[in-house]
Amino acid sequence: MTTRPRRSWTRPVMGTQAGLHLRGRHIDSHAGVEPAVAAVFGHLRAVDELFSTYRPDSRVSALRRGELARDDRHPWLTEVLALCEEARDRTDGYFDAWLPGGFDPSGLVKGWATETATALLAGLSGFDHYLNVGGDIAARVGLTTSPPWRVAIEDPADAAAFLAILDVRTGGVATSGTAARGHHVVDPHTGTRPHDLLAVTVTGPTLLWADVFATAAFARGGEDVEEWVPNRAPGYEVAALARAP
């Protein structure tokens, strides 16, 4: 396989770190690289301004307060509301943005934002990309002669160890777990924070749905979680799993 020149950029955004990697010939001289990189991070910042549940001036915060008229909804918000409805249906209700604390689409938005940001790289013909936003990864390898991206999945029980190292060519990788935020996922059916799992990583054709099903699988738990994901979402699979001791 051919190894091609590579560059990376890291920026704080959405309360986490976003890392963009590009591979391709003439990466240091291609006039379109820096504008495309700026557009990616600009898109992520714009999404955060719109959807943050921590910013009182965001559209989502206004919606949660009941202060946002339907006619004032940003097109992205309308799209995400529809996707959250679809996600609830596709996951048997284990992904639900409408929890007692108010509408919170965070479990879908980060993956959706990361994936839509990579669409801004479409004009960079001949480049591979890898965008990681807080553990949600959208990747693409355009040439069959190029190597896959290697993705290490952190073991939540041991920060120095990995649950798996994945070879990813094109698609999404999403992990829901306790490593960064503890047991923060809520089972919408019971209102409790499940403790069956420590981490679950889902891979598939799109990051959006890998992210949704990682969250839903963590909320659901159970001995059959590795069968449940592909049954509910053909083409997606549990690539790494850590059960609670």
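Predicted model: local features only at pLDDT ≥ 70, side-chain atom pairs only at ≥ 80, totals over all residues.
**Exercise 1.** Classify the geometry of the aromatic pair formed by Trp76 and Trp112, and state where each residue lies.

*Solution.* 
Step 1. The model holds six aromatic pairs under the rule applied here.
Step 2. In the pair of Trp76 and Trp112, the ring centres are 6.1 Å apart and the planes meet at 80°. Planes over 60 degrees apart count as edge-to-face, so this pair is edge-to-face.

**Exercise 2.** Decide for Trp76 and for Trp112 whether the residue is buried, partly exposed or exposed.

*Solution.* 
Step 1. The cut-offs are under 20% relative accessible area for buried and over 50% for exposed, with partly exposed in between.
Step 2. Trp76 has 24% relative accessibility and is therefore partly exposed.
Step 3. Trp112 has 4% relative accessibility and is therefore buried.

**Exercise 3.** Relate Phe51 to the aromatic cluster and to the nonpolar cores.

*Solution.* 
Step 1. Phe51 forms one aromatic cluster with Trp76 and Trp112.
Step 2. The largest nonpolar core has 63 residues, and Phe51 and Trp112 are among the members that touch the most other members. Helix α5 (residues 207–220) gives this core its largest share, eleven residues.
Step 3. Beyond four places in sequence, the residues that Phe51 touches include Trp76, Leu77, Val80, Val109 and Trp112.
Step 4. Another core, of twelve residues, lies apart from the largest one; Tyr130, Ile137, Ala139 and Trp149 are among its members.

**Exercise 4.** Characterise the position and contacts of Asp136.

*Solution.* 
Step 1. Asp136 is located in strand β6 (residues 136–140).
Step 2. Asp136 has 2% relative accessibility and therefore counts as buried.
Step 3. The side chains of Asp136 and Lys110 make a polar contact at 3.0 Å.
Step 4. Among the contacts of Asp136 beyond four places in sequence are Gly111, Thr114, Leu131 and Asp211.

Conventions
Residues numbered from 1 in each chain as written. Heavy atoms only, no water. Phe/Tyr/Trp six-rings, centres within 6.5 Å; stacked < 30°, edge-to-face > 60°. Helix = DSSP H or I, 4+ residues; strand = E, 2+ residues; numbered from the N terminus. Buried < 20%, exposed > 50% of the residue type's maximum accessible area, 1.4 Å probe, protein only. Polar contact = N/O pair within 3.5 Å; in protein donor to acceptor, adjacent residues only side chain to side chain. Contact = heavy atoms within 4.5 Å. Core = buried A, V, L, I, M, F, W, Y, C linked by side-chain atoms within 4.5 Å.
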